[in-house]
Each structure stands twice: as structure tokens, then as C-alpha cells.
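Here is a short report on one chain. Keep the sequence and the 3D view open while reading.

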Amino acid sequence: MINTRIGAAMKSPRSIIFYAWAGVVLQALLVVGVVIFVLVGAAYQRSATVDLHQTVQAMQIANLTARGDFLDAQRAVRGYQATKQDRFLATYYDDQDQFVVSLRMLRGLAWPAVLSGVRMQANTAQAAFQAGDRAVAAAPGSGTASRLYSRASASADRFTGQSAALQERLTTESNALARMSERILGVGLPVSTAVLAGLMLPVLVIALGLRWTSRPLHSVTGMVRRRAMASLRKLSLGMGGASLRKLSLGMGGASLLVTPFGWTGSSSTCCRTP
């Protein structure tokens with residue numbers, strides 16, 4: 001019972017080394033947490049950038065598909081103008097329907113920055129189809145039909161230019177996103193890793209230095225603690241409570257003594273035993 005209380009009394013104080021190490025460990029944990037957070041956030045940003053890059057590529061394909069369907073319809077209506085064969089007219093209407101499907105897909109992929117370009121293409125294509133439909137309905141070979149075919153052709157040329165401009169813009173943004181996806185934290189993965197390693201290196205150096213400089217102090221404090229505990233055990237086993245109390249009073253009075261009978265107060269208080 002006495003030895004247990006003595007051990008608890010000796011182990012309760014914490015040295016400055018303990019708190020120093022606790023601070024270093026806490027700092028290291030915080031730095032590691034920040035590093036993990038930054039890397040996870042950067043990886044998520046890179047993933048989002050790659051997804052957007054893939055979306056741009058899908059929109060490029062959709063834009064080319066819509067342009068192909070539109071040009072197929074224009075070639076069909078020109079074939080009908082030249083031959084008056086119904087098979088060209090059927091192809092013209094089929095290609096119109098296919099273009100509507102492609103345009104709907106293109107709108108679904110477009111983001112606000114490029115949506116205006118898609119709308120311009122849609123309006124121009126609608127004007128070309130309206131002129132072509134009216135030309136087909138007009139009397140063959142008449143001046144009205146010729147003017148309508150010419151109007152449809154002019155609208156088709158504007159549509160082709162708008163589609164090419166949109167395709168060029170998508171290509172530029174796709175290349176920019178591809179370069180951005182290869183960079184972490186704006187400087188790239190190698191530089192980011194070097195910076196984070198540079199932040200961790202001082203913490204590791206401090207920890208190793210503290211460990212090296214505190215080794216002799218640990219040895220001294222451990223030896224003093226062991227000798228003090230051994231001396232107290234000898235005193236508690238070899239002396240009675242009254243003798244230990246007299247020894248304490250001879251040393252100026254202790255605020256708290258450990259005796260074989262329990263804990264006692266200071267020299268001015270009464271003795272308490274459990």
C-alpha cells in the first residue's frame with residue numbers, strides 16, 4: 001500500500017521534457033493533417049478538372065456531329081433543287097430530325113460561357129431550314145425558289161462559320177484544362193511535394209535535435225528518481241511513523257508526508273490516518 005502511494009507520488013509530476021515532446025508531437029500531427037487535407041483537396045480538384053476536360057471533349061464531338069447533320073441536310077436540299085427527286089427531299093427531312101437531336105445533345109453539354117454560341121448556331125440553322133422548306137414548297141424554277149435557296153445557302157455558310165468558331169474555342173479550353181489538370185496547387189505535383197516536404201523537415205529536425213539533447217537529461221532524471229524512490233522505501237520500512245515525522249520536522253516541516261500509517265498534514269495540522 002505504501003509503495004503504491006510512493007510510486008504514484010513520484011510519477012505524478014511531469015517534466016518539461018514531457019511537455020516539450022507533447023508539443024512537438026501535436027505540431028507534427030497538425031502538419032500531417034494539413035498536408036493530407038491539401039493533397040486530398042488537390043486530388044479532388046484535379047479529378048474535377050479532368051471531368052470538365054472530358055466534358056469539353058464530348059461537346060466537341062457533339063458540335064462536329066451537329067455540323068455534319070446540318071451539312072447533310074443542305075446537300076440533300078441542293079440535290080432536290082437540281083433533280084426534283086423525292087429521295088433527296090426525304091433525306092433532307094431525315095437529316096433535319098437528326099440535327100435536332102444532335103443540337104439538343106450539344107445544348108445539354110454546354111456550360112453558360114459557351115451556351116450563347118450554341119444558341120447562335122441554333123438560330124442560324126433554323127433560318128436556313130425555314131428558307132429551304134419554303135424553297136421546296138415554291139414553284140420549281142421560279143425566282144422565289146431561287147432566292148429562297150440562296151438565302152438558305154447564305155444561312156448555311158454563317159452556321160458553318162459559327163460552328164468552326166465554337167469548335168476552335170472548345171479546343172482552346174480543352175488544351176488549357178488539360179494543362180491545368182497536370183498541375184497541383186498551381187505549381188505541379190513535384191513542386192507541391194517539395195514544398196510540403198520542406199514544411200515537414202524543420203519539424204523532424206527539431207524532434208531529432210530535442211531527442212538528442214534531452215538524452216543526458218533523461219538519464220540524470222531517471223537516476224535521481226530511482227534513488228529517491230529507493231530511499232523513501234528504505235525510510236518507510238526502517239522507521240516508524242513518529243520517527244519519520246520527527247525527521248520531517250527537523251528538515252523544516254513538510255507540507256505533506258508519507259508514513260506507514262497513511263498521509264499526514266503539515267506540522268501545524270493534526271495527523272490523519274485512513
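Ala 122 touches Leu 103 and Arg 107, not counting residues up to four places away in sequence. Contact here means heavy atoms within 4.5 Å. Ala 122 lies in helix α4. With 8% relative accessibility, Ala 122 counts as buried. The classes are buried for under 20% relative accessible area, exposed for over 50%, and partly exposed in between (1.4 Å probe, protein chains only). Ala 122 also sits 9.1 Å from Val 100, C-alpha to C-alpha, although 22 residues separate the two in sequence.

The model is predicted: local features need pLDDT of at least 70, side-chain atom pairs count only at pLDDT 80 or more, and totals for chains, interfaces and linings use all residues. Residues are numbered from 1 along each chain as its sequence is written, and side-chain values use heavy atoms, with hydrogens and water left out.

**The α3/α4 pair**

How do the axes of α3 and α4 cross, and at what angle? Helix α3 covers residues 86-109 and helix α4 covers residues 112-137. Their axes come within 11 Å and cross at roughly 165°. Axes are lines fitted to C-alpha atoms, for helices over the stretch in contact, and angles run from 0 to 180 degrees between N-to-C directions. The two helices are therefore roughly antiparallel to each other. That label applies to angles over 145 degrees; under 35 counts as roughly parallel, 65 to 115 as roughly perpendicular, and the rest as oblique.

On the α3 side, the contact is made by Leu 89, Tyr 92, Tyr 93, Gln 96, Phe 99, Leu 103, Leu 106 and Arg 107. On the α4 side, residues making the contact include Leu 115, Val 118, Gln 121, Ala 122, Ala 125 and Phe 129. Gly 132, Asp 133 and Val 136 of α4 are also among them. By class, the contact has 12 nonpolar, 3 polar and 2 charged residues. Ala, Val, Leu, Ile, Met, Phe, Trp, Tyr, Cys and Pro count as nonpolar, Asp, Glu, Lys and Arg as charged, and the others, Gly among them, as polar.

**Three further positions**

Met 105 is in helix α3. Leu 148 is in helix α5, residues 143-181. Leaving aside neighbours within four places in sequence, Leu 148 is in contact with Ala 131, Arg 134 and Ala 135. Lys 84 is in the loop between α2 (16-83) and α3. Phi of Lys 84 is near 60°, a positive value in a residue other than glycine. Lys 84 is partly exposed, with a relative accessible area of 35%. Met 105 is exposed at 51%, whereas Leu 148 is buried at 4%.

Two C-alpha pairs bring in these positions:

| Pair | Apart in sequence | C-alpha to C-alpha |
|---|---|---|
| Met 105 and Ala 62 | 43 residues | 6.8 Å |
| Leu 148 and Gly 132 | 16 residues | 6.6 Å |

**The whole chain**

The secondary structure comes to 7 helices and 2 strands. Helices (H or I, at least four residues) and strands (E, at least two) are DSSP runs, numbered from the N terminus. From the N terminus on, the order is α-α-α-α-α-α-α-β-β. Of the 274 residues, 29% are buried. Among contacts with a separation of 6 or more, 68% join residues 24 or more positions apart.
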